[in-house]
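Here's a quick walk through one protein model. Have the sequence and the coordinates open while you read.

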Amino acid sequence: MAALLRHAAAAAAAVVLLIAAAASTDGATSFYASDPNLGSARVVFQTTHGDIEFGFFPHVAPKTVEHIYKLVRLGCYNTNHFFRVDKGFVAQVASVVGGRTAPMNDEQQEEAEKSVVGEFSTVKHVRGILSMGRHSDPNSGGSSFSILLGDAPHLDGQYAVFGRLTKGDDTLRKLEQLPTRREGIFVMPIERISILSTYYYDVDLESCEAEKSILRRRLSESASEVERWRRKCFA
């Protein structure tokens, strides 16, 4: 119970950052912004060590992008975490089924349990790339994915690339400095690297005010979710 309350308080504190984040998008430069594969949608994960922003490759892996972006829009990655940080290799986001500290509603659960076909391409696995996690079945991708922390050519054509980092390489470098432990093939952080809150926006929106209005609405939605969660903790 105490742990849930601490996570609820942390998430509530993170939610208030959304309005400030909306303002900070004005005129901001983007990491890898010139990548021709990038679409206009952007997602921000607000973690315990800083923000990570990424964009999608809708023409490279359309089904994967549609699935992950829907999970984001439903708030499925809120209270999730990075369960793996292997310096120079990958930082991997846990599956939202079992990875979150907050319970999922029925709509979130339904989408989170879906899998997507393996959309393998010729896009290379280099630092900043987003790549789907999967089991031995090539069509078993769900909600776990990795952000590459270095070049990994042995993954090329074996895992579905669906986007890349646009901002937050400094945050990734912080994660790479954290103490880790090894469990089998996985190098895992000793402390929990939480995704406190998430939001999304479109870089092609003509009006900055319209963008801020959308982010304010999402702030309200996130705040409502946190409040529902808090009430359950006290129930």
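## Ground rules and confidence

This is a predicted model, so to speak of local features we ask for pLDDT of at least 70, and side-chain atom pairs count only at pLDDT 80 or more, while totals for chains, interfaces and linings use all residues. Residues are numbered from 1 along each chain as its sequence is written, and side-chain values use heavy atoms, with hydrogens and water left out.

The mean pLDDT (the predictor's confidence in each residue, from 0 to 100) is 85, and 74% of the residues reach 70 or more. Watch residues 11-30, though: the pLDDT there is below 50, and the stretch has 37 contacts in the model beyond near neighbours in sequence. Contact here means heavy atoms within 4.5 Å.

## The overall picture

The protein has seven helices and 10 strands. Of the 235 residues, 51% count as buried, where buried is under 20% relative accessible area, exposed is over 50% and partly exposed lies in between (1.4 Å probe, protein chains only).

Among contacts with a separation of 6 or more, 71% come from residues 24 or more positions apart. The accessible surface is about 11,100 Å², and 54% of that belongs to carbon and sulfur atoms; the areas come from the Shrake-Rupley method with a 1.4 Å probe, and for residues only the protein chains shown count as cover.

## The barrel

Eight strands close into a barrel, in the order 1-2-7-5-6-4-3-10, with antiparallel pairing. From one strand to the next, the twist averages 35°. Two strands pair if DSSP finds at least two bridges between them.

Strand 1 (residues 41-47) and strand 2 (residues 50-56) run antiparallel and are joined by six bridges; V44, for instance, has E53 in strand 2 as its bridge partner. Strand 2 also pairs with strand 7, again in the antiparallel sense, over four bridges, and F56 stands opposite G163 in strand 7. Strand 5 and strand 7 are antiparallel too, with three bridges between them, and S131 has V161 in strand 7 as its bridge partner. Strand 7 is mostly covered, with six of its seven residues buried.

## Helix 6 against the sheet

Helix 6 (residues 169-176) packs on the sheet, touching strand 1, strand 2, strand 3 (81-86), strand 6, strand 7 and strand 10, and its direction makes about 120° with that of strand 2. Axes are lines fitted to C-alpha atoms, for helices over the stretch in contact, and angles run from 0 to 180 degrees between N-to-C directions.

Which residues of helix 6 are buried? They are D169, T171, L172, L175 and E176. They cover an arc of only 155° around the axis, which puts them on the same side of helix 6; the arc is that of the directions from the helix axis to the C-beta atoms. T171 is buried, with a relative accessible area of 2%. Leaving out residues up to four places away in sequence, T171 touches T47, H49, G50, D51 and I52.

T79 has a positive phi of about 70° although it is not a glycine. T79 sits in the loop between helix 3 and strand 3, and is buried, with a relative accessible area of 9%.

Note on methods
Helices (H or I, at least four residues) and strands (E, at least two) are DSSP runs, numbered from the N terminus.
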